[in-house]
Amino acid sequence: PRQWLQIGADKGTAVESGDLVSWDTEGFDGLYALRLVVVEEDQSIETAIIQVTVDNQPPEVQIISPTESETLSLSQNESVTLQAQVVENLALSQVEFLIDGELISKLTQAPFAATWHGDSGQHRLVVRATDQAGNQSEEEINFVVE
């Protein structure tokens with residue numbers, strides 16, 4: 001680390017089976033090192049360092065196909081290919097495709113495309129992406145099948 005920032009006040013008493021401090025990570029993203037310094041009763045010093053990854057940034061989702069208000073003409077045996085682009089800064093967990101609230105596909109890696117054997121009428125497509133830290137984002141569009 002280039003610098004150390006103290007995230008809690010010094011404690012003058014022992015803490016057993018409890019929290020030393022709570023770290024508000026809002027505004028932080030990336031790899032950090034946490035260092036705990038303990039001064040024993042005999043004034044000896046114990047130090048422990050661990051690395052943690054902080055991820056407060058949700059994935060970015062863009063539906064590529066179909067497009068907003070697009071009208072698709074399908075025969076009985078045809079299907080619709082649903083496509084999305086998802087960008088994640090650290091680690092993506094899953095991408096879900098939902099049509100009219102029903103889960104169509106759940107994917108864990110690109111390419112993010114799913115096939116749907118649709119019904120005629122007005123439909124709502126939602127693509128929801130979740131990263132491994134639990135951050136979520138989604139995009140939705142409406143389209144028509146004739």
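Residues are numbered from 1 along each chain as its sequence is written, and side-chain values use heavy atoms, with hydrogens and water left out. Since the model is predicted, local features need pLDDT of at least 70 and side-chain atom pairs pLDDT 80 or more, while totals for chains, interfaces and linings use all residues.

Strands here are DSSP runs of E with at least two residues, numbered from the N terminus, and two of them pair if DSSP finds at least two bridges between them. Five strands make up an open sheet in the order β4-β10-β9-β6-β7, with mixed pairing. Its edges are β4 (71–72) and β7 (102–107), each pairing on one side only. Inside the sheet, β9 (residues 121–131) and β10 (residues 136–145) run antiparallel and are joined by 10 bridges; Leu 125 sits opposite Ile 141 in β10.

On to the rings. Phe, Tyr and Trp (its six-membered ring) count as paired if their centres lie within 6.5 Å, with planes under 30 degrees apart called stacked, over 60 edge-to-face and the rest tilted. That gives four aromatic pairs. One of them is Trp 116 with Phe 143, edge-to-face at 6.0 Å centre to centre and 85 degrees between the planes. Trp 116 belongs to β8 (residues 112–116) and Phe 143 to β10, so the pair ties together parts 27 residues apart in sequence. Both residues are buried, meaning under 20% relative accessible area (1.4 Å probe, protein chains only). Elsewhere, Trp 23, Phe 28 and Tyr 32 form one aromatic cluster.

Conventions: Helices (H or I, at least four residues) and strands (E, at least two) are DSSP runs, numbered from the N terminus. Buried means under 20% relative accessible area, exposed over 50%, partly exposed in between (1.4 Å probe, protein chains only).
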